[in-house]
Amino acid sequence: MGKWTRRAFISSGIIAGGTLAVGVAIRPGDRSGKVADLIAADGAAVFDVWLKLAPDNTVTAIIPHAEMGQGVHTSLAMMLADELDANWDEVRMQEAPAHKEYANYAMAKGYALGDADFPAFLVDTVDGVFLTATRMMGLQITGGSTSVKTTGQQAMRVAGAATRSMLLQAAAEEWQVAVSELSASSGRIEHPASHRSAPFAAFAERAASLPEPAKPRLKTSSEFTIMGTSPARLDVPAKVDGSASFGIDVRLPGMKFAAVKAAPVFGARIANVRNESVQNMPGVRRIVNLGDAVAVVADSYWQAEQALARLTVSYTESGNERINQSDIFNQFTADLDKAVAEQAFETDVKAGDAAAAFTAGERIIEAEYRVPYLAHATMEPMNCTAWMRDGRCELWTGTQNPLGFALEVAKALDIDADDVTLHNQYLGGGFGRRAFPDYAIQAARIARESAYPVQLIWSRAEDTRHDHYRQANISRFRAAINADGMPLAWENSYVDKHDPAEATHIPYGIDHQLIRYTSSQSHVPWGFWRSVDHSLHAFFTESFIDELAIAAGADPYTYRRQLLANNPRFRDVLDLAAEKSDWQRPLPENFGRGIAIHRSFGTIVAQVLEVEIVAGKLIARRAVCAVDAGYAVHPDGMKAQMESGIIYGLTAALYGEISIRDGAVQQSNFHDYPMLRMSEAPEIETHIINSGESMGGAGEPGTPAIAPALTNAIFDATGTRIRELPVQRHDLSKPDLKARDVV
């Protein structure tokens with residue numbers, strides 16, 4: 001077979017007109033020609049926006065999601081390759097360009113419609129609606145633990161299955177045999193009766209002329225040959241040998257560096273900049289007043305940072321200068337009180353008649369919990385390289401939303417979105433932070449004032465003090481329990497609801513429920529933080545259910561299990577965590593064990609944490625995690641995600657606290673916003689259930705349950721009930737407080 005050139009394919013119509021149709025993978029319409037120049041190399045054939053096949057039979061999966069350590073470049077490629085019956089050794093991946101053809105229509109569709117099925121004649125229409133909407137919104141997002149369950153399920157698998165179907169049909173025509181006599185495996189098509197065998201690439205050109213299958217058949221899990229295994233991750237070799245390019249690794253000819261400092265109080269502006277002291281400093285090129293921040297551009301980042309520190313900057317007042325953290329919590333309390341007095345809540349859940357059940361209860365249990373603001377603290381600081389030339393802007397950065405970044409930068413520069421090109425890089429940690437384009441907009445505005453490319457790097461202090469924060473919150477609970485200590489009614493009131501909507505829901509069989517919230521916004525900017533609202537509400541609800549168990553004199557595991565009698569999937573996960581942790585095993589003195597369970601992003605996670613308290617110091621000894629995400633595409637990767645989520649959540653629960661003084665963030669770096677050290681990490685075991693239910697996510701569900709498992713373990717060890725995070729605020733050497741913990 002001769003070498004294919006990109007031009008030859010375009011001219012012959014394989015890309016532009018007769019591109020191999022692969023069902024929903026390229027719907028709506030044939031979009032591959034629009035991106036061929038961006039993703040193809042000479043010698044490669046682009047079959048659709050998700051897949052290209054080289055003459056040497058190499059299959060490349062085009063992945064529309066950013067790789068930030070979660071392994072998505074591998075898991076999505078596995079889903080495509082499995083349905084295609086490709087040879088995994090011949091599978092490669094390529095991250096999709098920031099282009100509207102890669103807008104997350106599959107993600108949006110999956111988020112909005114779940115696993116809803118449609119007749120074949122409606123698929124184009126439904127997909128077209130979502131593609132149009134996501135293009136307009138600039139959505140090319142990696143987040144919400146959606147990559148596998150939406151893009152993987154609704155795009156990658158379908159693309160692989162459709163391509164396989166068309167290659168088989170092409171082979172049948174080529175060999176003049178029935179399709180039913182053919183099989184595909186390991187990148188080849190076989191005809192056992194005639195002992196003929198040929199690689200996929202041999203049939204690509206003929207396949208391009210065939211009609212696309214409306215709804216290609218997807219494999220059942222028993223047919224998977226690649227999914228469910230744990231091959232070496234495709235992104236790891238480059239990260240090991242140092243060839244992987246993160247945003248901060250970008251170097252361009254003539255590039256300069258910029259350091260930036262924003263007005264410390266959110267909402268304030270730059271009033272005046274006196275730059276006499278830095279004008280003659282070595283390497284300093286220019287000072288740029290961005291309105292709400294000032295930047296120094298220099299030959300090196302060190303020179304820029306040194307000059308920035310010597311600038312004399314004054315700020316306007318925003319009206320927030322006298323706000324302290326206690327004022328914010330007082331506001332939350334007042335707004336909750338007002339909502340109670342006026343019965344002016346928004347409702348999450350209303351089931352049964354909670355008010356009547358409270359009058360019938362034997363006892364009323366109440367508690368109030370608090371969590372602080374949290375920063376993301378990504379290991380790689382925020383950075384973006386921008387180059388403005390001839391009215392066009394090029395960006396190099398690691399982002400969770402490349403298309404959205406391009407649109408926001410275009411808006412800030414008042415240029416057309418098509419005049420912004422973004423080259424996405426590996427992300428040194430995301431956790432939701434890199435979905436916000438503030439640093440890219442700054443870089444672009446600085447580059448507009450410069451005749452050379454500029455790499456803007458935020459210092460750790462700038463990142464800590466100008467993040468988009470996980471919200472602080474107060475959550476109040478009341479429960480009515482019967483004579484056996486079992487809950488008759490559950491009432492939960494809190495401030496400020498974000499996403500996802502179901503974060504406050506509980507899995508327990510309590511007939512009468514009222515879950516509600518009221519607005520109480522502060523001047524502190526909110527942002528997506530790993531697992532978003534699940535991270536705080538799991539702490540609230542799983543702490544309170546633990547308090548009910550203690551009030552009932554029951555074992556916390558068996559109490560939960562009893563309340564999950566009609567929720568067998570939850571109970572299976574809970575049982576597995578208890579079994580693997582050897583829940584009933586007596587613990588040594590000063591040890592404690594806590595359990596928690598929570599569902600987020602379609603995945604149920606139960607965790608048991610064992611801790612030891614020595615002279616008031618906490619040591620996390622062992623974490624046991626049970627997870628049901630429906631099916632683990634890459635089991636080793638799922639375990640890594642659970643481990644990562646536990647470490648991230650444990651860090652926040654033990655240490656995480658962003659506090660406000662005089663309107664500004666007090667913390668600045670790892671000395672006052674510490675991370676869990678390797679020596680502090682517990683042993684972690686993860687056990688997976690492949691229940692066969694709809695696939696859930698893996699990137700975020702490992703985080704929510706660990707905070708309540710931790711505080712429940714502390715209670716077990718010390719009798720101290722932690723109702724306000726972080727744990728480091730509390731003296732764990734106190735004597736038994738059980739007597740005063742239940743109101």
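Helices (H or I, at least four residues) and strands (E, at least two) are DSSP runs, numbered from the N terminus. This is a predicted model, in which local features need pLDDT of at least 70 and side-chain atom pairs count only at pLDDT 80 or more, while totals for chains, interfaces and linings use all residues. Residues are numbered from 1 along each chain as its sequence is written, and side-chain values use heavy atoms, with hydrogens and water left out.

**Whole chain**
- The chain has 20 helices and 27 strands.
- Of its 743 residues, 58% are buried (buried means under 20% relative accessible area, exposed over 50%, partly exposed in between, with a 1.4 Å probe and protein chains only).
- Taking contacts (heavy atoms within 4.5 Å) between residues at least 6 apart in sequence, 75% join residues at least 24 apart.
- The accessible surface of the chain is about 28700 Å², and carbon and sulfur atoms account for 49% of that surface (Shrake-Rupley method with a 1.4 Å probe; for residues, only the protein chains shown count as cover).

**E67**
- E67 sits in the loop between β3 (59-63) and α3 (72-84).
- With a relative accessible area of 1%, E67 is buried.
- The E67 side chain reaches two backbone nitrogens: that of Q70 at 3.1 Å and that of G71 at 2.8 Å.
- Leaving aside residues up to four places away in sequence, E67 touches V72, H73, E95, R233, D235, K239, Y426 and L427.

**D56**
- D56 is in the loop between β2 (51-53) and β3.
- The relative accessible area of D56 is 53%, so this residue is exposed.
- The side chains of D56 and T58 make a polar contact at 2.8 Å (a pair of N or O atoms within 3.5 Å; within protein, one must be able to donate a hydrogen and the other to accept it, and residues adjacent in sequence count only if both atoms are side-chain atoms).
- D56 and F200 are 144 residues apart along the chain, and their C-alpha atoms are separated by 9.5 Å.

**Helices α15 and α16**
- Helix α15 (residues 534-551) packs with helix α16 (residues 556-563) at an angle of about 105°, their axes being 9 Å apart (axes are lines fitted to C-alpha atoms, for helices over the stretch in contact, and angles run from 0 to 180 degrees between N-to-C directions).
- The two helices α15 and α16 are therefore roughly perpendicular to each other (65 to 115 degrees; under 35 is roughly parallel, over 145 roughly antiparallel and the rest oblique).
- E542, I545, D546, L548, A549 and I550 of α15 meet P556, Y559, R560 and L563 of α16.
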